[in-house]
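Subject: Structure for you to look at

Hello,

Here is the structure I promised to pass on. Please open it first, then read my notes below with it on screen.

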Amino acid sequence: MIEYVLKRSHKRRTLAIQVKRGQVQVNAPTAVSEQFIAQFVQQKALWIAEKVQQSLLLMQEAEQFQKSYKSGERYDYLGKTYRLKIAVSSRYRIDWPDHHVYENDLHENHLLESHLLENRLLEKRERESQTTQELEQEQELVVSVPSKFMLSEEQLSGYLSKKIPESYRLRAQAVITERVEYYASVMQLTPSKLQFKRYKRRWGSCSAAGVVSFNWLLIMAPLWVIDYVVVHELCHLKEMNHSNKFWRWVACYYPNYADAKHWLQTNGHSLQV
Ligand SMILES: [Zn+2]
């Protein structure tokens, strides 16, 4: 027997089943009998069970990556994990880890053919993965907080729960805009506008009017993954679909896109702040 909440509406013409936060809801027209609805739900039992399981898993994952904004907690930035360190200062600030490697690459990239660029990024990626986990864990992300927000632990984490995501969004805006500018000049494509939002299950989008949007949570992913999303969205300025032609465009500027897609499928859910 499947338990469900029944919502009736005189505007509704069809029966529909919804699974939200592990709960089943049936939306029905006023005239349909309860017996008919029960039968309908029973027929869809397998589908419902699958959806409930998926939904519970999503909730678990969200909980697992929910931040408490306390010292020592792990935060990702450009594909590396850092320990949060809270320092006292006269004004709020995050000291973003040095990313001169990225700036150098950006400079060198202008001189490289796209396939060479790709190789260069792959090399960098291998270098990065050789860094030991231990070393990465020792690195800190220092957040400076005015002392007046440090009266209690609750007050501090409440303050940081607003400030840290905002800092990540601004950082994403700065870094991703630079990447877009670089690829836009190489690909000779110009978005009409860039937007940075927090999406639940997408990394970017491109509208018919040429507005390109990015999920700012991407700033936690490695740069080579960010670059893939940038190239993907810019290619939509030429092809507004996911046809073979579209993927050929992507491959022109980002030959190894399959790796980046796979990275997002495997790790995307953990990018939370
Ligand atoms: Zn797409």
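**What I found**

Start at Ser9: its bridge partner in β3 is Pro29. Please keep in mind that this is a predicted model.

That bridge belongs to a longer pairing. Strand β1 and strand β3 (residues 23-29) run in the parallel sense and share 5 bridges. They are part of an open sheet of 3 strands. The order is β1-β3-β2, and the pairing is mixed. Which strands sit at the edges? They are β1 (5-9) and β2 (16-20), and each pairs on one side only. On average, neighbouring strands here are turned by 25 degrees against each other, direction ignored.

A helix goes with this sheet. Helix α2 (residues 45-64) lies across β2 and β3. Its direction is at about 25 degrees to β2.

Strand β8 (residues 193-197) pairs with β10 in the parallel sense, over 5 bridges. In this pairing, Lys193 has Val211 of β10 as its bridge partner. Strand β9 (residues 204-206) also pairs with β10, but in the antiparallel sense and over 3 bridges. β9 and β10 form a hairpin with 4 residues between the strands. Look at Gly210 in that hairpin: it takes a positive phi near 85 degrees.

Next, the inside. The largest nonpolar core has 40 residues. Which of them touch the most other members? They are Ile176, Leu218, Ile219, Ile226, Val229, Val230 and Val231. Several elements give two or more residues to this core, among them β5 (80-88), α6 (153-187) and α8 (244-253). Helix α7 (223-235) is on that list too, and α7 gives the most, with 10 residues.

Leaving out residues up to four places away in sequence, Val231 touches Tyr183, Val250, Tyr253 and Tyr254.

Val231 also takes part in a helix packing. On the α7 side, the contact is made by Val231, His232 and Cys235. On the α8 side, Phe246, Trp249, Val250 and Tyr253 make it. How do α7 and α8 pack? Their angle is about 135 degrees, and their axes are 9 Å apart. Therefore α7 is oblique to α8. The crossing of α7 past α8 is right-handed.

Best wishes

How values were computed. Residues numbered from 1 in each chain as written. Predicted model: local features only at pLDDT ≥ 70, side-chain atom pairs only at ≥ 80, totals over all residues. Pairing = 2+ DSSP bridges. Core = buried A, V, L, I, M, F, W, Y, C linked by C-beta atoms within 7 Å. Buried ≥ 20, exposed ≤ 12 C-beta atoms within 10 Å, placed from the backbone. Contact = placed C-beta atoms within 7 Å. Axes fitted to C-alpha atoms, helices over the stretch in contact; angles between N-to-C directions. Parallel < 35°, antiparallel > 145°, perpendicular 65-115°, else oblique. Left-handed = near helix turned anticlockwise from the far one by under 90°.
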